[in-house]
Amino acid sequence: MKRIAASALAVALLAAGCTNEGGGGSGGTGGDVPGVTDTSIVVGTHMPLTGPAAAGYSKIAPATKAYFDYVNANGGVHGRKIEYKVKDDAYNPANTQTVVRELVLQDKVFAILNGLGTPTHTGVLDFLKTNRVPDLFVASGSRSWNQADKYPGTFGFNPDYTVEGKILATHVKETYAGKKTCFLGQDDDFGRDSLLGVKKILGTVAAEEKYVTSSPNVGPQIGAFKAAGCEVVILATIPPFTALSIGTAAKIAYKPQFVVSNVGADPTTVAKTLGDAAPLMEGLVAANYLPLNTDESNPWIQLFQKVNKEHNAGAEFDNNVVYGMSVGYLFVQALQSAGKDLTRDKIVEVVQKNGFQGPGLVPLRFSAQDHSGYGGEQLTKIEKGKAVYFGTPYTTDDGDGPVTPYTNQPVTPPQSGVPAA
Amino acid sequence: MTGVQTNEGGVTDVQTKQNAEPVPKQGVDLPRRRGWRPHPVIVVLAGALIVVGLTYVLPPFRNYQLATVGAYLCVTAGLTVLTGLNGQLSLGHGALMATGAYTLALTQNKFENLPLSFAAAIAVTTVAGAIIGLAAARLRGPYLAGLTLAVAIVVPSVASTFDETFNSDQGLSVMLNPPPEQFPMEQWQAWLCWSAALIVVLLLALLSRGRFGRDMRAVRDDETAAKLAGVNIARTQVLAFVASAACAGVAGALFAVLAQSVSPGAFPLTLSLFLLMAIVIGGLGSLFGALWGALLLVVLPALSQSVSEQAGSQRLEGNLALIVFGVVLVVVMLAAPGGLASIPSRISRMLRRNR
């Protein structure tokens, strides 16, 4: 019986090993670049499609995929169609380990694109480096992605949270001078980096509090702000906790000015959580670096809405969709610059060379030494339930550099909607 | 009744299905009446050979999965001994794994010495197991389940309350030196996990074979009778819990090494429930059942993922595994109440009856 069990185990594992082997996009044409053939490029990502972070964020990967489908329908990139493999990690680092290994070792992807989350993605940096897999445009604002010496293949996408903290704090300093300012942040790199940026500008805050996602209650924190007499509250929170903070404050009849991080301020997502209390968001200040989903006169939004209708089954068009498609656009730009003879080294090289102009309001910072994404943001305010931009975009760095206005006009998308080579 | 030919002298249990003791033919056959059982050392050596062979033929990702099976085997083996042989129901083994994982991460980041970190992980989990075990020995049935359930739930709160040490929900990353050049990472991981798993299984097999195993079974079946026979009930229960906890600690440490990170999200309540489900499906109280359970914990999620990918529904991925597990549990319990491990003996018994 034990023999049977043991041999059955062996057979099961072997069978499992064989069955899925054929499914991977094994490079056929003699080229030894994993995931690349004459007609296709396979890239993969890990995303929270289910679990605690799925609200809102689960719409990013389908949007990116929709943009790739649009490009494929228009002839692809250098004759190659892009195949995007999306794996659900449920925002659990242990799952991320498994799915990324599957993508790299089993599906033989060319690169990992836009893997989402600080705790999840941190765990696979070493693995991707050892296997020399390009790790492009990570969907998080942690400064960990900007370690060109240690992780030469990893690049960020979002402005890092310190840059954002500095820009939000500059607005607070100029507009609400002399008012008591307080800070609520997530108890991880997100909250800590953001607070670092805020303090670089304001010196100190009147009260600082933190929360963890596993405990959905910010009553004590908001209560402490009220007791301390805070008039401005800066939030480094994910969307459900933005909603929770606003709702909790309203419950105790406390009305500070909320200034919210980009990742936690998508009006569609937050309003959905608030439900009938959505009008409480009126006047909320946040920041962004991509066109806003409601700005229908913007040519980028027109393009993305068209792609969304044709290739994303008309999914609800929020800022997550805009984000996902912007990532797709940037990746196609990088593929175009890398040229016909695509290799892993080549794509890292062209990303470092930078010079990409896309939907972003500010430039990307990529260079040989700098692997962080967008270098700034513009402030938004919610008016009549819609976010609108005001002022000018600002850029800065994650150190002690000044916060400076950025005056270059944004570019418009090409007629075809596909970046040229 | 006597129509069966006993040419080899081994097949005498024509009708032992309800533990009806067959009359030993000549007394000499007594040890053989449950069929031929090789010594655990032989089984483990055979297992080691198979695993080493597999690591050379399997592609890297399958090796990684094989390593994960090994890591799961440590905890399922410990849990099946506790629940199946000693009758203590634990819903908190995920938390014990977390204890092992965090200890390994903290020790490893401080001293960068893997053997030392493993020793620390086992030691700390053993102590944690002793504390929970002492409380658990006073509780029965649902109350015991409730206590261990509380332990499983408390992990994220501990991590966020002492965030200076445990870094809250984000968790810690584990500093690891790469394996020697000539071995691929995944192969090395498989060897590491399976060495640990086979040692754990061997120790548990030896433990449950001997006097302590008899004590555990006696306590499970009838505490009063066991007491009358001179078995120290509380001591047996606490020791069983400690042994099982140490195994969970090893598993947790292995997962920390595999994932190169630890965070509360990796040890949710569902993990503890999945572990329990796995050993029930595999066959409660059987170490081979634990192996089947560990295999299912790796294969079923992967399988349901590829199914949902083919079905084209991204949202299904994370949830389908739960459904599949539930269905498998129901089917196995209907078809083979003793679990997967009992199927071969059921089949052979059926064949013999029909002969």
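**Strands, chain and contact**

In chain A, β10(A) and strand β11, residues 376-383, pair in the antiparallel sense over 4 bridges. Please keep in mind that this is a predicted model. Within that pairing, Asn288(A) stands opposite Gln378(A) of β11(A).

Now the side chains of β10, which covers residues 285-288 of chain A. In a regular strand, side chains alternate between the two faces of the sheet. Here Val285(A) and Ala287(A) point one way, while Ala286(A) and Asn288(A) point the other way. Are these residues buried or exposed? All are buried, on either side of the strand.

Next, the open sheet. Five strands of chain A make it up, in the order β2-β1-β3-β4-β5, and the pairing is parallel. Which strands sit at the edges? They are β2, residues 81-88, and β5, residues 154-156, each pairing on one side only. From one strand to the next, the twist averages 20°.

Inside that order, take β1 and β3. Strand β1 of chain A runs over residues 40-47, strand β3 of chain A over residues 111-113, and the two pair in the parallel sense over 2 bridges. Gly44(A) has Ile112(A) in β3(A) as its bridge partner.

Stepping back to the whole chain: chain A has 14 helices and 14 strands. A compact globule of 421 residues would have a radius of gyration near 22 Å, and chain A has 22 Å, so the two agree. Along the principal axes, the C-alpha trace of chain A spans about 70 × 60 × 40 Å. Of the 421 residues in chain A, 57% are buried. Counting contacts in chain A with a separation of 6 or more, 69% are between residues 24 or more positions apart.

On annotation, an unreviewed UniProt entry places the feature "domain: Leucine-binding protein" at residues 41-383 of chain A. Over that stretch the chain is 43% helix and 17% strand, and the end C-alpha atoms are 43 Å apart.

Conventions. Residues are numbered from 1 along each chain as its sequence is written. Chains are lettered from A and ligands numbered from 1 in the order in which they are written. This is a predicted model: local features need pLDDT of at least 70, side-chain atom pairs count only at pLDDT 80 or more; totals for chains, interfaces and linings use all residues. Two strands pair if DSSP finds at least two bridges between them. Axes are lines fitted to C-alpha atoms, for helices over the stretch in contact, and angles run from 0 to 180 degrees between N-to-C directions. UniProt positions are given in the numbering used here, feature names are shortened, and annotations may be inferred rather than shown by experiment. The radius of gyration is taken over C-alpha atoms; the globule rule is 2.2 Å times the number of residues to the power 0.38. A residue is buried if 20 or more other C-beta atoms lie within 10 Å of its own, exposed if 12 or fewer, and partly exposed in between; C-beta atoms are placed from the backbone. Two residues are in contact if their C-beta atoms, placed from the backbone, lie within 7 Å.
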